[in-house]
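Student: Please take me closely through a single part of this model, and then show how the elements around that part are arranged.

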Amino acid sequence: MDRHDDPAIDGEVLLYRRIPPWPDNTQWDAQGKPKPSAFNFKDKDDELSVHIAAETTPDKMLLGHPDFGLVQFTARQIRECCGNSVIICRCPDDPTDGHVLICGKITGGARKKIQQAARWVEDKYPTRHPTFPADTAANDRNEMSPGMGDAKAPNPNVNIVGKITSVLRRGLKNLTGWFRAWKPPNN
Amino acid sequence: MASIIANTSGALDLSAVDAQWVVEAARKLEALGHLRANWDSYGGKPLNQGIKKFTVQVLKSLRNEDLPIPAVVLGSGGTIQLEWHVKQKELEVELRDDNTIEFMKVLQNGDTTEGEARDNVAAALRGLSRWLQE
C-alpha cells in the first residue's frame with residue numbers, strides 16, 4: 001500500500017509504543033531499572049506502530065495488555081534517529097487513537113538511537129516477572145528431560161502461583177495510582 | 001550438566017555442551033517458544049522454528065567462548081536477537097531466517113559499527129566474540 005509522509009507528525013509530537021514484558025524484550029539492570037531492547041523497535045513489515053499521545057491516553061494504550069510497559073519519544077527524535085530511510089504517516093487501516101506508522105527499514109544503529117531516546121511513561125513500567133500466556137509455559141520452564149541430574153517433576157502449582165502474583169501486583173499498582181490521584185474534599 | 005532441554009517440538013540437543021551460559025541461553029530460547037501470535041500486541045509472530053534451530057547452532061558454535069549469558073530477544077517476525085553487554089561494550093546479533101546474521105557493535109565511547117555475515121557465520125561470530133572479550 002502506498003504510504004505518504006505526514007509532515008505534521010514532527011517536532012514535539014509525542015508518540016507512544018508498548019513494550020512487552022517478556023524476557024528479554026525488557027531487561028532489568030542491577031538497580032532494578034527496566035530497559036527496552038532495541039529489537040522492540042523493529043517491525044516484521046517495516047511498519048512500526050506508534051500512537052500520538054495527544055490523541056490517546058497511557059491507560060487506553062495498555063488496556064487489554066496487562067504487564068506491558070509504555071515508552072514515549074517525539075516525532076523529531078524518530079526522524080533524527082532514522083534519517084530519510086523512514087516516513088511517518090497515519091495508519092489508513094486503523095486511524096483510531098492517533099495510530100501512526102513509521103514506515104521503512106529501521107537499521108540496527110537507528111534502533112539503538114531510538115532505544116536511547118525512549119523514556120518510560122510515568123508509572124507505566126512493564127511487570128518484571130510476568131506469567132507467560134501459554135498455560136503450560138511455567139511448568140515447561142521447570143521441566144527437564146529424564147535422565148538429567150537436575151531434572152524436576154512438573155509442578156502444577158507454579159502457574160497458578162504466578163497468576164495470583166500477577167493479579168495481586170496489578171491490583172497493588174491500581175491501588176497506588178488511586179491513592180496518588182485521591183484528594184481530600186475541601187471543607 | 002543439563003544436556004537436553006525438553007520442549008513441545010523436539011528437544012534442544014545440547015549434548016557435549018559444558019558451557020553453562022549456552023545452556024541458560026537455550027532455556028531462555030525455549031521459554032520464548034511458548035509465546036503465541038500477537039505476543040507483542042502488534043501482531044508479532046511466534047518464534048520461527050527454523051530460527052530456533054539456527055539459534056541453537058549459533059550458541060553451540062560459540063560454546064568454547066568465555067561469554068556471559070546473552071539477552072535472548074524475540075522479534076516481531078519470530079526472529080531472535082542475541083545481545084551481550086561486556087565491559088561497557090555491546091554486541092547485538094540478529095539471526096535471520098536465511099541462516100545469515102546481521103550484527104551491531106557498540107564501542108565503549110558509544111560509537112556503533114554495523115555489518116552482516118552471509119558465509120561462514122560461525123567464524124564471523126567467533127571474531128565478534130573475541131572483539132567483545134578484548
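In which sense, parallel or antiparallel, do E1(A) and strand E4 (residues 47–52) of chain A pair, and over how many bridges?

Tutor: E1(A) and E4(A) pair in the antiparallel sense over two bridges, where two strands count as paired if DSSP finds at least two bridges between them. Helices (H or I, at least four residues) and strands (E, at least two) are DSSP runs numbered from the N terminus. This is a predicted model, in which local features need pLDDT of at least 70 and side-chain atom pairs count only at pLDDT 80 or more, while totals for chains, interfaces and linings use all residues. Residues are numbered from 1 along each chain as its sequence is written, with chains lettered from A and ligands numbered from 1 in the order in which they are written.

Within this pair, A:Tyr16 stands opposite A:His51 in E4(A). H2(A) packs on the sheet, touching E1, E5, E6 and E7 of chain A, and its direction makes about 75° with that of E5(A); axes are lines fitted to C-alpha atoms, for helices over the stretch in contact, and angles run from 0 to 180 degrees between N-to-C directions. The sheet itself is open and has six strands in the order E6-E7-E4-E1-E5-E8 of chain A, with antiparallel pairing. Its edge strands are E6 and strand E8 (119–120) of chain A, each of which pairs on one side only.

As for the chain as a whole, chain A has five helices and eight strands, which follow one another as β-β-β-β-α-β-α-β-β-α-β-α-α. The mean pLDDT of chain A, the predictor's confidence in each residue from 0 to 100, is 83, and 72% of its residues reach 70 or more. Over residues 135–159 of chain A, however, pLDDT stays under 50, and the model has 37 contacts beyond four places in sequence for that stretch, a contact being a pair of residues whose C-beta atoms, placed from the backbone, lie within 7 Å.

Just after H2(A), A:Gly83 takes a positive phi of about 65°.

H3(A) leads from here to chain B. Its buried residues are A:Gly108, A:Ala110, A:Arg111, A:Lys112, A:Lys113 and A:Ile114, and their cover includes E5 and H2 of chain A together with E5, E6 and E7 of chain B.

In chain B, five strands form an open sheet in the order E3-E4-E5-E6-E7, again with antiparallel pairing. Strand E3 (71–74) and strand E7 (112–117) of chain B are the edge strands, each pairing on one side only, and the twist averages 20° from one strand to the next. H3(A) (residues 108–117) packs on this sheet, touching E5, E6 and E7 of chain B, with its direction at about 50° to that of E6(B).

Strands E5 (residues 89–95) and E6 (residues 101–106) of chain B run antiparallel and are joined by six bridges; the partner of B:Glu94 in E6(B) is B:Glu102. Helix H2 (residues 49–61) of chain B also packs on the sheet, touching strand E4 (80–86) and E5 of chain B, and its direction makes about 140° with that of E5(B). In the hairpin of E5(B) and E6(B), which has five residues between the strands, B:Asn99 takes a positive phi near 60°. E6(B) and E7(B) likewise pair in the antiparallel sense, over six bridges, and B:Glu102 has B:Glu116 as its bridge partner in E7(B).

Finally, the axes of helix H1 (residues 20–32) of chain B and H2(B) come within 10 Å and cross at roughly 170°. The two helices are therefore roughly antiparallel to each other, given that angles over 145 degrees count as roughly antiparallel, under 35 as roughly parallel, 65 to 115 as roughly perpendicular and the rest as oblique.

Conventions
Contact = placed C-beta atoms within 7 Å. Buried ≥ 20, exposed ≤ 12 C-beta atoms within 10 Å, placed from the backbone.
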